Amino acid sequence: MAKTLIVPGLRNSGPTHWQSWFETQLPDTHRVEQADWERTCLPDWATRVREEIDAIGEAVWIVAHSFGCLATVTAAFERQDRILGALLVAPADPHRFGEPTALLEEKLHFPSLVVASTNDPWVKASVAEYWAGQWGSAHLNIGEAGHINVDSGHGSWPEGLRLFELLRANKII
């Protein structure tokens, strides 16, 4: 089975976050570590994602959250042949972080699913849907789910794991 790369967002994903729970449920996962979890810098974060993909040395599945989605997509444009697919949950709004968007406005060449909510305080539902369209990703709005993190009640997240399994089985359009 292919390896899975976990790409957390700002402040990392703590032990009760669904990404940490995914690590206990999925075999052979690796987590991207950032030099500074409190400071977002898209080029630096994307470099760390690329370095981890390179270190794994084989094609990977990616599970990203929030700013980690932006880092994943940015890194992916240079590693498309090394990524089998990506679950992109609650992608951050690059404008909110002062990040340029020109480099994000390309289609991904692997299956991907953007999961968003109607009341995410970090990204409007319409913005998440816009980015899903830019990336050629399937889009799923799961309703009032906040930022899809611990604060919004998403510790262990079996529905998210089910979505990831559907993506890996090529059953997400």
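Before the details, the model is predicted, and local features are used at pLDDT of at least 70, side-chain atom pairs only at pLDDT 80 or more, while totals for chains, interfaces and linings use all residues. Residues are numbered from 1 along each chain as its sequence is written, and side-chain values rest on heavy atoms, with hydrogens and water left out.

Helix α2 covers residues 42-56, 15 residues in total, and spans 21 Å from its first C-alpha to its last, close to the 21 Å expected at 1.5 Å a residue, the expected span being 1.5 Å times one less than the number of residues. Its buried residues are L42, W45, A46, V49, R50, E52, I53 and I56, and they are on the same side of α2 because they cover an arc of only 160° around the axis. Here buried means under 20% relative accessible area, exposed over 50%, and partly exposed in between, with a 1.4 Å probe and protein chains only; the arc is that of the directions from the helix axis to the C-beta atoms. What covers these residues of α2 includes β1 (3-7), β2 (29-31), β3 (60-65), α3 (67-76) and β4 (83-89), with contact taken as heavy atoms within 4.5 Å. Just after α2 comes G57, which takes a positive phi of about 80°.

Which elements do the buried residues of α3 pack against? They pack against β1, α2, β3, β4 and α4 (125-135), and since ten of the ten residues of α3 are buried, this helix is largely enclosed by the rest of the structure. In the loop between β3 and α3 we find S66, which has a positive phi of about 55° although it is not a glycine, and S66 is buried, at a relative accessible area of 6%.

Turning to α4, the buried residues are V127, A128, W131, A132 and W135, and because they cover an arc of only 140° around the axis, they sit on the same side of α4. Those buried residues of α4 pack against α3, β4, β5 and β6 (138-141), and α4 is followed by G136, whose phi is positive, near 70°.

D28, in the loop between α1 (18-25) and β2, has a phi near 55°, a positive value in a residue other than glycine, and D28 is partly exposed, with a relative accessible area of 38%. A35 belongs to the loop between β2 and α2 and counts as exposed at 85% relative accessibility; A35 and T24 are eleven residues apart in sequence and 24 Å apart in space, C-alpha to C-alpha. P100, in the loop between β4 and β5 (112-116), is exposed, with a relative accessible area of 55%, and P100 and L42 are 58 residues apart in sequence and 8.9 Å apart in space, C-alpha to C-alpha.

Finally, the largest pocket has a volume of about 280 Å³, and of the 15 residues that line it, the closest to its centre are L10, R11, N12, H147 and N149. A pocket, on a 1 Å grid over the protein atoms alone, is an open set of points where a 1.4 Å probe fits, with protein on both sides within 12 Å along at least five of seven lines, and lining residues have an atom within 4 Å of a point; grid points are joined across faces, edges and corners, and the volume is the space filled by probe spheres set on the points.

Technical notes. Helix = DSSP H or I, 4+ residues; strand = E, 2+ residues; numbered from the N terminus.
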